[in-house]
Amino acid sequence: MSKKKKTLAATLLYVTPPTEEQLQGIREFVYEKYVDEDYRREDISFTSEQDTSLGGGFILQVGNEVYNWSTEGRISALRRKLDKIRDSVTEDQDVVSIIHTTIREFELTAKQRSIGHVTYVGDGIAHIQGLSHAQYGEIILFECGIKGMVQNIEEDSIGVILFGSDREVRVGSRATRMKMRAGVPVGDDFLGRVINALGEPIDGRGKIESDDYYPVERPAPTIVERQPVSVPMETGILAIDSMFPIGRGQRELIIGDRQTGKTSIALDTILNQKDKGVICIYVAIGQKNSTVAKIVNTLQNADAMDYSIVLSATAADPAPLQYIAPYAGTALAEYFMSRGRDVLIIYDDLSKHAVAYRALSLLLERSPGREAYPGDVFYLHSRLLERSARLSEAFGDGSITALPIIETQAGDVSAYIPTNVISITDGQIYLESELFNLGTRPAVNVGLSVSRVGGAAQTKAMKKAAGSIRIDLAQFREMEVFTQFSSDLDEATKSLLHHGRVLMELLKQPLGRPLSMAEQVVTLVAANHHVMEQIGPEQVKDFQMRMLDDFAQNDPAILSDIAISKTLGEEMTDRIVTHASKFAESYLAESKAEETDEEAEG
Ligand SMILES: Nc1ncnc2c1ncn2[C@@H]1O[C@H](COP(=O)(O)OP(=O)(O)OP(=O)(O)O)[C@@H](O)[C@H]1O
Ligand SMILES: [Mg+2]
């Protein structure tokens, strides 16, 4: 059997044709380097071409390797060398003589650089042959200036996802390894800015000065580096803070059908972080440009952009950018966490992220699994969300709290991606279209929502005040169904039903009106002591808001005491109940007077 002979092409690019002596020298160089068991001398073919763009000198290409002996190459090599000296020179050294020696001793080492050729390009991905040592996650630079990331490594080629338009990359064009992993610039100047998945500003407000470069993929903090969740991340939403408290470092999923207020909960949580020292990062994945613009607007109007960053990879961006967006956002979050800051990151939403990844994987010819997602789609989200953590004191006490969002289809939480993310996170806030349409907004389903670790972070005051409301609500729902068709009810049942209705009303909350912890405690204490017994459900919301205003104006010590001590003693409870009952009396008297007025007028 005859073995197919391999040949190796060596091409020499020159400005002035080389002398015979020079040519001989180059041949010897190639023979010495490449003649082994694979290639014999006669398997290597030599060609030479003129290329005036070099300025002077030669460039030698052997197979996939390049030796740059051109003038330009020498200058940049010398520049690199001088840069290195600059960093090491101290003040009392004679700089001029150091430079002299360096230049005198400068010797051009033949640096080999591997280059590859594009064999296929389309739909945001490219296949490259020749970059045999490329690593997974490494950046590849194409001739046209576009960058990509190695995503697939096969026997004789690599699959690269492109971070730019695939129309500029052509079959046959050259690609080189950057020998660095995909990453984003990070820094304090990113606060207040809107950026894309590569960390470039897209708000038209100029360049952002970065302090560092963080890889987009990075191992999660280890157990030793972590400490348990113990500080609350208050959302300002009564339904969440009272029943499903979130702690700094926790991952709480927001899940629900389309248009159920998922984004609104995340935004309200950002608004509530004002003056709390938390940095907020909102990552938009696969959304419309107009939606993202609206979100930025909302944040700006509420002065929340000062402590926030919006990272956007919209539906119009290529799938690779949508795919790396949440990792890039997390890299930024890690920068702040490593400096001891508390960060809140929102991934809106991971369903679209999974879809972008599915598109990429199918194009890279990975075999499809359940719902056509590739087999590693669980790992896609688990390695992302594992990076949320509360670091221990020794590591600076910073934290990343994650609020991933998942969109379900017709309430189906048992689909592939929802079940994955439910099992990765520490709990979920389940939003329901039915409740939303009935006007219960935020449309939190109390029965199906849960927070697994946040209880440890809830303040004592809140824990005490929230006490039994989940049970009360469950009892109320059962009783409501049970008594739907009966007309004469005993007093106890009537009172229970009324209490349930009052609670349901209190849990409704308009957009952009977060409640402080103290306000929530006062509301709950008043409700649990049946202060709103005489107030009709339709008036409860109005009563609550006016009662809180009244507390703020006439007895601000109550609110500030709770905010500072974070506890709720007997005496404090009595003070709240007394004040609230007095206010209820005056409220009732007032509304009665209004009624009689209206009657008199009518
Ligand atoms: N608590 C609330 N009170 C009043 N209106 C609300 C409330 N929460 C959300 N909405 C309104 O409901 C609509 C949908 O909200 P939002 O965009 O947050 O939902 P979503 O689930 O993120 O939707 P999508 O699936 O399109 O992303 C918005 O117009 C918003 O103003
Ligand atoms: Mg949304």
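## The enclosed strand

Strands (E, at least two residues) and helices (H or I, at least four) are DSSP runs, numbered from the N terminus. Ser308, Val310 and Ser312 point one way from S16, while Ile309, Leu311 and Ala313 point the other way. In a regular strand, side chains alternate between the two faces of the sheet.

This is a predicted model, in which local features need pLDDT of at least 70 and side-chain atom pairs count only at pLDDT 80 or more, while totals for chains, interfaces and linings use all residues. Residues are numbered from 1 along each chain as its sequence is written, and chains are lettered from A and ligands numbered from 1 in the order in which they are written.

## The sheet around it

S16 belongs to an open sheet of 8 strands, ordered S12-S16-S15-S17-S18-S14-S19-S20 with mixed pairing; two strands pair if DSSP finds at least two bridges between them. At the edges, S12 (194-195) and S20 (450-451) each pair on one side only.

S12 and S16 are parallel, with 2 bridges, and isoleucine 195 has leucine 311 as its bridge partner in S16. S15 pairs with S16 in the parallel sense over 6 bridges, with isoleucine 281 opposite isoleucine 309. S15 (residues 278-285) also runs parallel to S17 (residues 342-348), joined by 7 bridges.

## Domains and cores

The protein chain is divided into domain 1 (8-105), domain 2 (114-181), domain 3 (185-458) and domain 4 (505-601), with bounds from an automatic or database domain assignment.

Ile281 returns in the largest nonpolar core, of 135 residues, where Ile281 and Val521 have the most contacts. Such a core is a set of buried Ala, Val, Leu, Ile, Met, Phe, Trp, Tyr and Cys residues joined through C-beta atoms within 7 Å. Helix H7 (residues 319-338) supplies the largest share of this core, 13 residues. Apart from it lies another core of 12 residues, including Ala10 and Phe58.

## Around ligand 1

Ligand 1 is surrounded by 14 residues, the closest being Arg258, Gly261, Thr263, Ser264 and Arg441; a residue counts if its C-beta atom, placed from the backbone, lies within 6 Å. Helix H5 (residues 262-271) gives the most to this shell, with 3 residues. Domain 3 and domain 4 each provide at least three residues.

Methods:
Buried ≥ 20, exposed ≤ 12 C-beta atoms within 10 Å, placed from the backbone.
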